[in-house]
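Here are a few notes to read alongside the model. Have the structure open as you go through them.

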Amino acid sequence: MTESKLGWAVPLMRAGYIGKGLVYLAVAGISLYSIWRGGSAQDTSSALGWLDTTWGGGVLLFVIFIGMLAYALWRVLDAAFDLEDYGSDAKGIVARIGMLVTGAIHLGIGATVFPLLFGGGSGGGSGDGSSIPGHVRTVMEWPGGRWLIGAAAVLIIGAGVHYMRQGWTNEYRQHLRANPVTTRWNPVLKAGLIAHGVVVGVVGLLFGFAAWQANPQQAGGTGEAFSWLSGQVYGQILVTGVCLGLLGFALFCFVNAAYRIVPKVSGPDVQTLAAKLMPR
């Protein structure tokens with residue numbers, strides 16, 4: 001497939017980031033509301049289930065569902081055709097494998113939304129929260145299952161560190177067009193990406209604990225990550241800060257939907273945010 005014929009993948013990318021942004025907007029917004037009311041931060045399944053009970057929530061869930069399918073397909077195409085030009089060296093291969101993993105994760109979120117839309121009931125947390133220990137238990141029963149969970153923990157922690165590093169070093173700016181929106185909101189985008197990395201990293205730690213202790217109940221998703229953070233010193237403040245950061249990550253997703261640069265299908269004269277904000 002020639003690069004000139006790959007432009008149709010860009011609308012998939014845009015739809016995917018819109019769906020992804022809505023997911024994190026729901027998780028962060030509902031979690032902050034719950035904390036304000038004296039409750040705790042919510043996992044992805046709980047946030048999506050809450051949407052299902054609100055006026056207009058079905059429309060949002062449908063958009064999220066389509067977005068998750070689009071994002072998963074986008075990541076497959078991105079990895080297969082190297083649309084973002086990561087290359088075929090060791091670093092590039094790792095990055096492209098990571099795309100497939102993130103695509104699968106978001107396809108799982110889509111699977112959580114499906115029964116809410118078409119099954120007339122709760123998704124039962126199939127993409128997050130309480131279902132994860134069950135899946136981990138199944139894998140641990142395989143030969144070498146604990147090693148597989150341990151390897152998954154390393155990959156997830158690595159992804160979290162990658163997101164935090166991208167935010168801290170401003171690497172994400174290389175993938176965004178320079179314009180008044182991206183320039184003005186750059187500090188929020190940076191904080192959002194780092195907060196997302198923190199949550200992903202904590203999820204990886206929980207998988208590591210599960211593998212080390214041979215206890216599937218130690219594993220978990222976003223909700224368990226919030227619970228673990230809340231148990232640390234100044235935990236409630238920490239969780240609140242992370243949820244505020246995830247609002248920034250939702251904005252990061254929406255900005256990527258509108259202004260992300262796809263090197264192999266974008267023009268050669270596109271100015272990146274990194275070039276715009278480069279110290280002179």
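**Notes on the helix packing**

1. α8 passes α10 in a left-handed crossing (the near helix is turned anticlockwise from the far one by less than a right angle). Helices here are DSSP runs of H or I, at least four residues, numbered from the N terminus. α8 covers residues 186–213 and α10 residues 235–259, and they pack at about 115° with axes 7 Å apart; axes are lines fitted to C-alpha atoms over the stretch in contact, with angles from 0 to 180 degrees between N-to-C directions.

2. Bear in mind that this is a predicted model, where local features need pLDDT of at least 70, side-chain atom pairs count only at pLDDT 80 or more, and totals for chains, interfaces and linings use all residues. Residues are numbered from 1 along each chain as its sequence is written, and side-chain values use heavy atoms, leaving out hydrogens and water.

3. On confidence, the chain's average pLDDT (the predictor's per-residue confidence, from 0 to 100) is 89, and 94% of the residues score at least 70. Residues 122–129 stay under 50.

4. Asp-78 sits in helix α3 (residues 57–81). Its relative accessibility is 0%, so Asp-78 counts as buried (under 20% relative accessible area, 1.4 Å probe, protein chains only). Beyond four places in sequence, Asp-78 touches Leu-83, Glu-84 and Met-99, contact being heavy atoms within 4.5 Å.

5. In α4, the buried residues include Gly-92, Arg-96, Met-99 and His-106. The buried residues of α4 pack against α1 (9–36), α2 (44–52), α3 and α6 (145–169).

Note on methods: Helix = DSSP H or I, 4+ residues; strand = E, 2+ residues; numbered from the N terminus. Buried < 20%, exposed > 50% of the residue type's maximum accessible area, 1.4 Å probe, protein only.
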